Amino acid sequence: MLDTIKICIIPAAGEATRWDPISSYIPKEMLPLGNKPIIEWIIKEAIESGCEQVIIVINRKKEVIKKYLLNKSNIDKRRLVFTYQQNPIGIADALLTAKKLIKNQPFGLIFPDNP
């Protein structure tokens, strides 16, 4: 029997150059979809799917994501872990940034621009 994946990683440190000029004003993960930013929908789905820990990889330019999520009353902040990618050089580097947090456990990867 397969165990449920308990850790989800959301790489959100990229520069989103394909989304210019919008992404120069607001991170693509914060773009509204209905009444919430995309990243909030994704975190909600991850938690409802059984993830106990959601690791969000951001960079210093995207602190707005962290501030928003930590100030939301309807998100279980105990499940959120933030780690910083020094240079947004790709998904593989984002996963390496989260490696120390997952400790060789299985994990899910959720792309924040694909709700």
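**Note on the predicted model**

1. K62 is buried, at a relative accessible area of 7%. Buried here means under 20% relative accessible area, exposed means over 50%, and partly exposed is in between (1.4 Å probe, protein chains only). E29 is buried too, with a relative accessible area of 1%. K62 and E29 form a salt bridge, with 3.1 Å between the closest N and O atoms. A salt bridge needs a side-chain nitrogen of Lys or Arg within 4 Å of a carboxyl oxygen of Asp or Glu. The pair links distant parts of the chain, 33 residues apart. E29 sits in the loop between β1 and β2 (32-33), and K62 in the loop between β4 and α2.

2. Basis of the values. This is a predicted model, in which local features need pLDDT of at least 70 and side-chain atom pairs count only at pLDDT 80 or more, while totals for chains, interfaces and linings use all residues. Residues are numbered from 1 along each chain as its sequence is written, and side-chain values use heavy atoms, with hydrogens and water left out.

3. The sheet. Which order do the strands of the open sheet take? The order is β5-β4-β1-β6, four strands with parallel pairing. β5 and β6 (108-109) stand at the edges with a single partner strand each, so one side of each has no neighbour in the sheet. Strands (E, at least two residues) and helices (H or I, at least four) are DSSP runs, numbered from the N terminus. Two strands pair if DSSP finds at least two bridges between them.

4. Strand β1. Five of the five residues of β1 are buried, so the strand is largely enclosed by the rest of the structure. I7, I9 and P11 point one way from β1. C8 and I10 point the other way. Both sets are buried.

5. Pairing of β1. Five bridges join β1 to β4, and the two run parallel. With β6, β1 pairs in the parallel sense over two bridges. I9 has a bridge partner in each neighbour: I55 in β4 and L109 in β6. C8 stands opposite G108 in β6.

6. Pairing of β4 and β5. β4 (residues 53-58) and β5 run parallel, joined by five bridges. I58 stands opposite Y84 of β5. Is β5 mostly covered or uncovered? Strand β5 (residues 80-84) is mostly covered, with four of its five residues buried.

7. The crossover. β4, helix α2 (residues 63-71) and β5 make a right-handed β-α-β unit. Right-handed means that, with the strands pointing away from the viewer, the path from the first strand over the helix to the second runs clockwise.

8. The disulfide. How many disulfides does the structure hold? The count is one. The disulfide joins C8 to C51, with S to S at 2.0 Å. C8 lies in strand β1 (residues 7-11) and C51 in the loop between α1 (38-48) and β4, so the pair ties together parts that are 43 residues apart in sequence. The cut-off is a pair of cysteine sulfur atoms within 2.5 Å. Such a link is a covalent bond between the sulfur atoms of two cysteines. C8 is buried at a relative accessible area of 5%. C51 also counts as buried, at 3%.

9. Salt bridges around D76. The structure holds seven salt bridges. One of them pairs R78 with D76, the closest N and O atoms lying 3.0 Å apart. Another joins the side chains of R79 and D76 (3.2 Å, N to O). How accessible is each member? R78 is exposed, with a relative accessible area of 76%. D76 is partly exposed at 25%. R79 is partly exposed, with a value of 25%. By contrast, E29 and K62 in point 1 are buried.

10. Charges over rings. R60 lies over the face of Y84, at 3.7 Å from the ring centre. Y84 is the β5 residue opposite I58. K36 lies over the face of W41, at 4.0 Å from the ring centre. A charge counts as over a ring if NZ of Lys or CZ of Arg is within 6 Å of the ring centre and within 35 degrees of the ring normal.

11. Aromatic pairs. The structure holds zero of them. A pair needs rings of Phe, Tyr or Trp (its six-membered ring) with centres within 6.5 Å; planes under 30 degrees apart count as stacked, over 60 as edge-to-face and the rest as tilted.
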